[in-house]
Each structure stands twice: as structure tokens, then as C-alpha cells.
There are 2 protein chains.
Amino acid sequence: MSPELLEWSRPRLARVEAELAACFADVQPVALREACQYPILTGGKRIRPLLALAACEAAGAPFTEAIDAAVAVELLHTYSLVHDDLPAMDDDDLRRGRPTAHKVYGEAVAILVGDALLTEAFARIASSPRLVAELALAGGARGMVGGQYRDIQNLAHDLDSLVLLHRLKTGALIRGAVRMGAIAGGARDLEQVTVYGELIGLAFQVADDVLDADQDAGDAGPPSFVRLHGRDWTAAEAQRLARTAIDAVADLSGAQPLVQLARFAVERAH
Amino acid sequence: MSPELLEWSRPRLARVEAELAACFADVQPVALREACQYPILTGGKRIRPLLALAACEAAGAPFTEAIDAAVAVELLHTYSLVHDDLPAMDDDDLRRGRPTAHKVYGEAVAILVGDALLTEAFARIASSPRLVAELALAGGARGMVGGQYRDIQNLAHDLDSLVLLHRLKTGALIRGAVRMGAIAGGARDLEQVTVYGELIGLAFQVADDVLDADQDAGDAGPPSFVRLHGRDWTAAEAQRLARTAIDAVADLSGAQPLVQLARFAVERAH
């Protein structure tokens, strides 16, 4: 992250972390409360909440207007990680160096924890019909769940189907995050942040493919942008997507955090 | 069901079934659409949607006002069945004589289908902040998920903890169904239907315990009302709960369907 982005992020992240830490504080029994809180408090980058807050500020509102939207998006993202890590899905034992929820609490509790986080995401934004509609569209069968379905069923085999998979699996919620932030900030027009969100969602995934390829030189594995088009094309594509995303919001007066976040999305993939 | 209740139910059930059948009709690919629709189209009794519609009518509104609330409650109930049936949870192969979702589509898809149904439930009522808040409270860690957690962790060992478990696991959503129906019907006061919903939720479970005991005479197994207090006490308690529920709404002018549904809840357990 650039120094400017770090400075902008610090108070916003602190607020998001405090709100996330307070989720489920009233839930009984304590063992269920702790299981629900465990996957939330991971030290993740919180890129989706930051995007929501940045989009709120690009709409001319203080970031505090979008705190509930930001927390809801992160809760929904976190539930998807808990369920994706399950033995029946990706069967991951570790996430960010810590045991996954099902390794700590067992598979049944991990399923319930994911369900609780998903439900809590909607509780958090219940007062705003537009936010509920956005989150449901981004997270459901027409969005993230549809992308995860395509992933586990190996439905991506060429560039078009791979782009569709990622648009749904990760792109839909990133698009939703910026739209929800803009809505919470009272934006009159969602067109520019929507284009930004769609491009940046794909840019993240394309950049991740470059990083994955640098760590693992093998040709085997599921389809990826690098496997389909090579590393150089993919790295250039990530930069192109980020530049186009920046262009989409460049004339909004408070867009600097969105611009910085777009650069951050691809800075690791050169 | 009494002839009056059957006659009342017929057009309402037809509408609910039609709405449920139309859910996910636009989802691609078709295989995901069909997997999402499979657990919805089960020929269940649809008791929760009927309770929502009855509560709407007890508020003096036509049942059509509560269709979205009724569908959302049934979608949430259905997701909970799909997840409860998973190998890591109750590991059930059959539900109402048909293979469970994970037997047909595999465990990973069944997890995703449950997630999609839960998300769709909120999409369905997004326009009403009060309905979203009610459903999230009824379905989340402070309601149904909390009850299921207590069940799988065997936290019920006496009458008080068993009542709490059932109040959360099945009672919270039945209470939510009547409250949501009353809210959708424009009820000014939710107190009477709330008392009704809490009592009827427990009555269903107590009556189920009697039926389970009649089918399986063994003393082993998890705690139940029959195992703790005997069959006669439990059957009488179901009737007492239903009568008290009926008393709670008796002076509402359009309460006849709620009264009939309360009788139906316990008619099998004498």
C-alpha cells in the first residue's frame, strides 16, 4: 500500500475492526459466540469494506455513513470463506496461517457459523431496502454462489467462461461493495462506481493468477488466465483493468481512495 | 386438517406453491437452477407460510399482502433442512421419502444450495426493513442457528434447556412467521400473535415428541419431553399449549385460520 492509502485506511480499518469485533457479542452460549467471532477476526486485508467506504466518500459523504454496508459485505465474504474451506468444498486446513473454522470447531459448527454470518450480514443492513437487495444479488445464486458452483463443477474451460466464473465468484461482491458504499453515501448515479467495481473485481483475480503462477510454475491445475494466455499477457491485463477502472471514476471529486485501492489491487502483479 | 382449514388453505397453498416454484427460474446454469429448486418442491405441509398468511388475515388484510413474507419464511426453513441433512449434521439420506439434496447433487452443491436459499429469502423481502429484521432475528445465531447449535452439541439435559433448544430451533421461525405475516398485514399490535406464535411453536415440537414416542418405544436417545415427563404429560401439555395459543388471539376478528392451525398443530398427538 502507498503511504497515502495507508494513512487513509488506518482510522477506517480501526472502525471496521471494532464493529466486526462487536458482532455476536450478545450471543449465547459463549462457545457459539466465540465460534462465530473466530473467522471474523482474521487479520484480513478488509479490501471489500475499504472499497465500500471509499465509494461512500466518492459520493461526497463521510465514511461513517457506509459502516454498516462495509461490515455486512465483510460478514458475507467471511461466511463464504468458512463454507468454501469445508472438507466437501476446498478442504482447506489453514487460512492466513490459522486453522480453518471446521478444524477448530468441527464441520457441523462451521456450517452453522457460516449460516449465522450470512444471516447477520442482512441483519446489519435491514433498515435499507436497497442495500439488502444489492447484497442478496451479489451473494446469491445469480452472484457469488453461482460463481462458486461453476468453480467446484469445473465449468470454466476458456477465457469467456473463466471471466464469467470470476465475475460471479469474486467480482459480484466487489461490485456490490462499491455500489453499497455509494448507495449508503447517497450517490445519485451508480454508473461510474459500478464500472469501477466490475473492473477492479476482475483485476484482483487476474493479479492473483500472476502471483499464483509465480509461486507455482506447474502447467497442471484448473484453468487460469496465466495458463490460458501466459504470464506476460496476464500481468499486462491486470494493469489495463486497473487503469480502466481508475478512468471510470477519475472525475468524481472524492475518488482518490478508489484510485489508490485500484493501484493496490494490481501492485503485486508486475 | 378440518374441512374448514382445508378449504381455507387450498387457494393460499396454491399461490404459495406457485411462488415457490418460480424461485430461481432465471438462474443459470440450468443444473444450478434445478439443484436450488429441488428441495423447495417437496410437498411439505407449508405450515410456516400458512401461519404467515393466517396472521396477515388476523390483522384484517388480504393474504396476498403477506405472500413475500410467507415465501421468505419457507425458503429459510428449507435452507435449514438442506444444511441439517448434511453428513456433518444429521446425515439423513431421505426427507419425505425423497433423497436429500446432498444425496442427489453431492455435499458441496447442497451446501451452496442452502446458502442460495437463505440469501434468496432476504432478497424476497428486501423492500421491508421490518421483515428483514424479523427474519434475521428468527433465523440467526440468536434464533434457529442457535437452537441447531444447542441440538448438535447436546446442550439440552432437563426441561428448561430442552424448552430453550426448541424455542430457538423451531419456535423462533414459527414466531417469526406469524409476526412477519402480521407486519405485512399492517397489524398495529404484534403482542397477541407473538404470544400465539411462541406457544404454537412449542406445541408443534411437543406434539412431535408424542408422535416420535409412539413410533419408537425405546428409552434411549436424546432428551425429549416424553423421556423427561412421560407420554401422558406430554400429550396433555401439547393440548394445553394449543389452547393457550388460541386464547391469545381469540378476540381478533379474523383469527379463525390461526385457531384452526393451532388445533391442527396438536391434533395428531392425543
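Which residues does B:Ser161 touch, not counting residues up to four places away in sequence? The first legend answers this, and each legend describes a close-up of a predicted model.

View 1. Leaving out residues up to four places away in sequence, B:Ser161 touches B:Leu155 and B:Ala156. B:Arg150 is 11 residues away from B:Ser161 in sequence, and the C-alpha atoms of B:Ser161 and B:Arg150 are 9.1 Å apart in space.

**View 2. Chain A as a whole.** Chain A has 13 helices and 2 strands. Its radius of gyration is 18 Å, close to the 18 Å that the globule rule gives for 270 residues, so chain A is as compact as a globular protein of that length. Taken along the principal axes, the C-alpha atoms of chain A fill a box of roughly 50 × 45 × 35 Å, and buried residues account for 57% of the 270 residues in the chain. Of the contacts in chain A between residues at least 6 apart in sequence, 69% join residues at least 24 apart.

**View 3. The side of chain A that touches chain B.** The contact between the chains draws 36 residues from chain A and 36 residues from chain B. On the chain A side, α2 (30-37), α6 (107-124), α7 (129-139) and α8 (144-152) each supply at least two residues, and α6(A) gives the most, with 12 residues. Sorted by class, this side of chain A has 25 nonpolar, 7 polar and 4 charged residues.

**View 4. Helix α7 of chain A and what covers it.** The buried residues in α7(A) are A:Leu131, A:Val132, A:Glu134, A:Leu135, A:Ala136, A:Ala138 and A:Gly139. Their cover includes α4 (67-84), α6, α8 and α9 (159-184) of chain A, together with α6 (107-124) and α7 (129-139) of chain B.

**View 5. The largest nonpolar core, seen around B:Ala52.** The largest nonpolar core has 206 residues, and those with the most contacts inside it are A:Ala52, A:Ala203, B:Ala52 and B:Ala203. When its neighbours within four places in sequence are left aside, B:Ala52 is in contact with B:Ala66, B:Ala69, B:Ala70, B:Val73, B:Ala177, B:Val178, B:Met180 and B:Gly181.

View 6. Two packed helices are described by the angle between their axes and the distance between the axes. Helix α3 (residues 47-58) and helix α13 (residues 256-266) of chain B pack at an angle of about 145°, with their axes 8 Å apart. From α3(B) this contact takes B:Leu50, B:Leu51, B:Ala54, B:Ala55, B:Glu57 and B:Ala58, and from α13(B) it takes B:Pro257, B:Leu258 and B:Leu261; by class, the contact has 8 nonpolar, no polar and 1 charged residues. Helix α1 (residues 3-22) of chain B and α13(B) have axes that come within 10 Å and cross at roughly 120°, and the crossing of α1(B) and α13(B) is left-handed. Here B:Glu4, B:Leu5 and B:Trp8 of α1(B) meet B:Pro257, B:Gln260, B:Leu261 and B:Phe264 of α13(B), a group that divides into 5 nonpolar, 1 polar and 1 charged.

View 7. Most residues other than glycine have a negative phi, and most peptide bonds are trans. In chain A, the peptide bond from A:Gln28 to A:Pro29 is cis, with omega near -5°, and A:Pro29 sits in the loop between α1 (3-22) and α2 of that chain. In chain B, the bond from B:Gln28 to B:Pro29 is cis, with omega near -5°, and B:Pro29 is placed in the loop between α1 and α2 (30-37) of chain B. B:Phe24, found in the loop between α1 and α2 of chain B, has a positive phi of about 70° although it is not a glycine, and it counts as buried because 22 C-beta neighbours lie inside 10 Å. B:Arg46, in the loop between α2 and α3 of chain B, has a positive phi of about 55°, again without being a glycine, and its 21 C-beta neighbours inside 10 Å are why B:Arg46 counts as buried.

Technical notes: Residues are numbered from 1 along each chain as its sequence is written. Chains are lettered from A and ligands numbered from 1 in the order in which they are written. This is a predicted model: local features need pLDDT of at least 70, side-chain atom pairs count only at pLDDT 80 or more; totals for chains, interfaces and linings use all residues. Two residues are in contact if their C-beta atoms, placed from the backbone, lie within 7 Å. Helices (H or I, at least four residues) and strands (E, at least two) are DSSP runs, numbered from the N terminus. Ala, Val, Leu, Ile, Met, Phe, Trp, Tyr, Cys and Pro count as nonpolar, Asp, Glu, Lys and Arg as charged, and the others, Gly among them, as polar. A nonpolar core is a set of buried Ala, Val, Leu, Ile, Met, Phe, Trp, Tyr and Cys residues joined through C-beta atoms within 7 Å. A residue is buried if 20 or more other C-beta atoms lie within 10 Å of its own, exposed if 12 or fewer, and partly exposed in between; C-beta atoms are placed from the backbone. Axes are lines fitted to C-alpha atoms, for helices over the stretch in contact, and angles run from 0 to 180 degrees between N-to-C directions. The radius of gyration is taken over C-alpha atoms; the globule rule is 2.2 Å times the number of residues to the power 0.38. A crossing is left-handed if the near helix is turned anticlockwise from the far one by less than a right angle, and right-handed if clockwise.
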